[in-house]
Amino acid sequence: CSSDLTGATSGSGATLTNLVAVNGASTSTVFTLSGSTVAILNNLTIENGSSGGNGGGIGNSGTLTVHGSTFTGNTAINGGGIDSSGTLTVSGSTFNGNSATNGGGICVEPSGNVMVSGSTFFGNTGTTGGGAIDDTQGGSLAVSGSTFYGNNSTSSTGGIAVSGSSFPMSNTIATGNGNGDCSVSGGRCPANGTGGNVLGVV
């Protein structure tokens, strides 16, 4: 089958490793993964990507694994750092200074399946949706061992905004985010101290 990984890339195949930075020059999405694309990004900085639609840093509709990477200064309507309608696994990464209408750091689309672990989100902003992560369209989100602080949203939750009744979160710190640290439209976020989570404690 045919699939595309587009953007200013270098590396081997669909695995990009140890590049210092990939810069979108505030004019385009840095990477777009489409269809059945399977890609791995290790130890990259994705910066200054810009999209009038989905994914300032990365627009993902394939299967993407991101490890040890930094997303900064990216902007979009949905998902300043990453917009995902596919499968996304993020570990050991940092999202800071990204902005979007929905999901300054990450936006989870209705068909998206996103897992975040050991990562840090700070200084990301949203307007209508969540500041750090927005999962208000019905996608799947799981968060573990991560930290959310200093994120903000004008009309939603600065930290993590989720639809539905609940989502799995463990060993995570979410505090000091503007307009709230965590919200679930049809239920509630895990209580402070449960599952190793620290929520809303300054």
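## Disulfide

Cys182 and Cys189 form a disulfide with their sulfur atoms 1.9 Å apart, where a disulfide is a pair of cysteine sulfur atoms within 2.5 Å. The link of Cys182 and Cys189 is left-handed, with -90° about the S-S bond. By this rule the count is one disulfide. Cys189 counts as buried because its relative accessibility is 15%; buried means under 20% relative accessible area, exposed over 50%, and partly exposed in between (1.4 Å probe, protein chains only). Cys107 is also buried, at a relative accessible area of 0%.

This is a predicted model, in which local features need pLDDT of at least 70, side-chain atom pairs count only at pLDDT 80 or more, and totals for chains, interfaces and linings use all residues. Residues are numbered from 1 along each chain as its sequence is written, and side-chain values use heavy atoms, with hydrogens and water left out.

## Aromatic pairs

The structure holds four aromatic pairs. Rings of Phe, Tyr and Trp (its six-membered ring) pair if their centres lie within 6.5 Å; planes under 30 degrees apart count as stacked, over 60 as edge-to-face and the rest as tilted. Phe95 and Phe121 form a stacked pair, 4.6 Å centre to centre with 5° between the planes. This pair links distant parts of the chain, with Phe95 in strand 13 (residues 94-96) and Phe121 in strand 17 (residues 120-122), 26 residues apart. Strands (E, at least two residues) and helices (H or I, at least four) are DSSP runs, numbered from the N terminus.

Phe95 is buried at a relative accessible area of 0%, and Phe121 counts as buried at 0% relative accessibility. Phe121 also pairs with Phe148: the ring centres are 4.7 Å apart and the planes are at 10°, so the pair is stacked. Phe148 lies in strand 21 (residues 147-149) and Phe121 in strand 17, so this pair ties together parts that are 27 residues apart in sequence. Both Phe121 and Phe148 are buried. Ring pairs link Phe71, Phe95, Phe121 and Phe148 into a cluster.

Strand 8 (residues 63-67) has a covered face made of Leu64 and Val66, while Thr63, Thr65 and His67 make up the uncovered one.

Strand 8 runs parallel to strand 5 (residues 38-42), and five bridges join the two; two strands pair if DSSP finds at least two bridges between them. Asn42 has His67 in strand 8 as its bridge partner. Strand 8 also pairs with strand 12 (residues 87-91), again in the parallel sense and over five bridges. Here Thr63 stands opposite Thr87 in strand 12.

Five bridges pair strand 16 (residues 113-117) with strand 20 in the parallel sense, and Val114 has Leu141 in strand 20 as its bridge partner. Strand 20 also runs parallel to strand 24 (residues 169-170), joined by two bridges. Val143 stands opposite Met169 in strand 24.

Gln137 lies in the loop between strand 19 (133-135) and strand 20. With a relative accessible area of 34%, Gln137 is partly exposed. The C-alpha atoms of Gln137 and Ser163 are separated by 6.7 Å, although the two are 26 residues apart along the chain.

Four strands form an open sheet in the order 10-14-18-22, with parallel pairing. Strand 10 (75-78) and strand 22 (152-153) stand at the edges with a single partner strand each, so one side of each is left without a neighbour in the sheet. Strand 10 is joined to strand 14 (residues 99-102) by three bridges, and the two run parallel. Ala76 has Ala100 in strand 14 as its bridge partner.

## Surface patch

Ile173, Val198 and Val201 form a nonpolar patch on the surface, with about 200 Å² of accessible area together. Patches are made of residues with over 30% relative accessible area and no salt bridge, with like charges joined within 9 Å and nonpolar side chains (Val, Leu, Ile, Met, Phe, Trp, Tyr) within 5 Å. A salt bridge is a side-chain nitrogen of Lys or Arg within 4 Å of a carboxyl oxygen of Asp or Glu. Accessible areas come from the Shrake-Rupley method with a 1.4 Å probe; for residues, only the protein chains shown count as cover.

Ile173 lies in strand 25 (residues 173-174). At a relative accessible area of 36%, Ile173 is partly exposed.
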